[in-house]
Amino acid sequence: TGHDWHASQTDWTHASYGYGAIYFHDDDLDDAQWETTFELDVPKDLHSGCYGILVDDGVSTDFIPFFVRPDPNASRTPPVALIIPTMTYAAYANEHLHDESREVHFPGDPGKKDKYFQTLMKRPDLGISLYDSHNDGSGTIFSSLKRPVLNMRPDYSMWLFDGPREFSADLWFVEFLDRELGPEGYDVITDHDISEQRAPLLKKYRVLLSCSHPEYPTYGMLDAYAAFLANGGHFMYLGGNGYYWVTSHDPSRPHRIEVRRAEAGCRTFGLPPGNWHHSLSGELGGLWRSRGRPPNKLFGVGSCAMGVGKGAGYGITDEARSKKHLSFIFRGIESDTTIGDFGLVQGAASGDEIDRMDFALGTPKNAIMIATTKLAGGHSDEYMLFNEETLYPMVNLHGTTSDKIRSDIVYFETPSEGAVFSVGSINWVGALAWKAFDNNIARISSNVLHEFVRRSK
């Protein structure tokens with residue numbers, strides 16, 4: 001906003017004055033503009049997937065990830081695609097929430113700070129994330145992938161949880177699918193691909209899987225998911241805190257995304273009035289829930305809480321056990337009553353940021369709760385309700401006192417003969433990989449995957 005901004009108009013796309021200012025920061029970074037030191041020609045027959053380049057100068061090493069898109073001219077397409085949440089990776093790129101010298105910070109355990117943490121502290125030129133404040137204390141609204149992103153590395157360990165998060169955790173999904181379908185039995189596509197190509201891209205597939213934290217979709221992505229489900233697609237939402245923040249993306253500069261934190265949501269800062277509409281798209285920022293597109297409508301569950309303490313397992317519901325048409329989910333674990341009370345991150349399948357079903361927020365009426373953490377003891381008071389979930393009087397905000405703080409596993413079928421299976425937790429993937437994928441979380445995930453693939457034939 002400019003010096004003459006007036007509260008009578010908060011949307012710059014309709015304003016005739018009040019938006020003539022440009023805000024510069026001394027730590028802005030759009031393009032690191034490093035000189036090219038080598039180029040790689042990707043073989044044309046290299047299958048879609050996650051790959052990496054190992055760089056070694058004899059003193060230090062780095063593993064630079066990249067994704068190979070499916071060949072658009074391929075005569076055959078696998079029925080399954082894994083969606084890599086590259087918008088989320090951009091949003092969290094090089095986050096400095098551990099830096100207590102900044103206006104916005106989240107104190108963590110110094111003993112959990114890995115080599116990438118140490119590098120970021122020494123290299124302010126690598127920029128900050130959408131969770132950090134600028135040096136002048138204002139919040140960040142743009143992030144870029146045209147720079148080294150050190151928390152997008154296969155061996156990254158998140159300083160707050162002492163375990164993989166985002167990309168390093170999502171590689172467990174790659175390993176899982178390699179085991180279940182073979183390396184060429186599925187494609188890898190990204191948020192950026194879906195944002196640019198939309199429904200025609202997803203129409204090629206019959207089964208889609210999310211990764212652990214698909215938090216940042218664009219409007220076009222949500223439209224593409226809605227069209228996919230309307231056309232009979234099957235979707236496995238295997239994460240938490242998904243489809244949460246309004247995100248803008250400029251296809252002409254695909255490295256850049258914009259997110260503006262408005263009046264609600266689990267956020268580390270807020271923006272002042274008059275600054276809530278995106279400059280890339282003109283659309284209102286904030287939560288998709290505030291825009292009438294809560295994730296519950298598409299995927300049955302939506303974000304409700306987060307915590308940094310030990311996670312929780314799930315208890316299977318009597319209703320789910322009684323439904324004959326759901327027996328495929330429990331194949332091989334018929335006698336288990338609790339699932340996921342173990343895991344490689346926070347010690348359980350439900351942890352970090354979590355989702356629940358809520359009919360008032362659009363969960364389809366035919367959705368069935370397969371399991372919930374409340375039947376396995378629930379979460380501790382280290383888990384707190386998101387602020388958009390609270391109204392006066394502000395009581396019962398912690399894990400042991402709020403019925404709203406829980407992870408729900410939900411299944412429902414769509415009118416077009418598709419189906420959705422959602423697990424409501426970022427840390428599902430950490431339990432999936434427990435004991436080399438030999439556990440009841442991996443069994444359920446495998447059962448649903450193969451049933452969805454069978455239906456697609």
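Residues are numbered from 1 along each chain as its sequence is written. Because the model is predicted, local features need pLDDT of at least 70 and side-chain atom pairs count only at pLDDT 80 or more, while totals for chains, interfaces and linings use all residues; side-chain values use heavy atoms, with hydrogens and water left out.

E353 belongs to strand β13 (residues 350-356) and R165 to the loop between β4 (142-144) and α3, so the pair ties together parts that are 188 residues apart in sequence. Helices (H or I, at least four residues) and strands (E, at least two) are DSSP runs, numbered from the N terminus. Both partners, E353 and R165, are buried, a term for residues under 20% relative accessible area; exposed means over 50%, and partly exposed lies in between (1.4 Å probe, protein chains only).

This pair belongs to a network of salt bridges that links R165, E166, D352 and E353. The phi angle of D352 is near 70°, a positive value in a residue other than glycine. N241 also has a positive phi, near 50°; N241 lies in the loop between β7 (234-237) and β8 (248-249) and is buried, with a relative accessible area of 0%.

D170, in helix α3 (residues 167-181), is buried yet has no salt bridge. The nearest side chain of opposite charge, R165, is 9.8 Å away; here Lys and Arg count as positive and Asp and Glu as negative, while His and the chain ends are not counted. The side chain of D170 instead has a polar contact of 2.7 Å with that of S212. Such a contact is a pair of N or O atoms within 3.5 Å; within protein, one must be able to donate a hydrogen and the other to accept it, and residues adjacent in sequence count only if both atoms are side-chain atoms.

Helix α10 (residues 440-456) contains I441, which is buried with a relative accessible area of 0%. Leaving aside neighbours within four places in sequence, I441 is in contact (heavy atoms within 4.5 Å) with several residues, including I339, F342 and W428. In the same helix α10, E451 and R455 are four residues apart, about one helical turn, and their side chains meet in a salt bridge (2.9 Å, N to O). E451 is buried at 11% relative accessible area, whereas R455 is partly exposed at 27%.

The backbone also contains a cis peptide bond between Y392 and P393, with omega about -5°. P393 lies in the loop between β15 (383-385) and β16 (408-413).

Finally, the largest pocket is lined by 42 residues, of which I64, P65, R147, P148 and R153 lie nearest its centre. On a 1 Å grid over the protein atoms alone, a pocket is an open set of points where a 1.4 Å probe fits, with protein on both sides within 12 Å along at least five of seven lines; lining residues have an atom within 4 Å of a point. Strand β2 gives the most to this lining, with seven residues.

Conventions: Salt bridge = Lys/Arg side-chain N within 4 Å of Asp/Glu carboxyl O.
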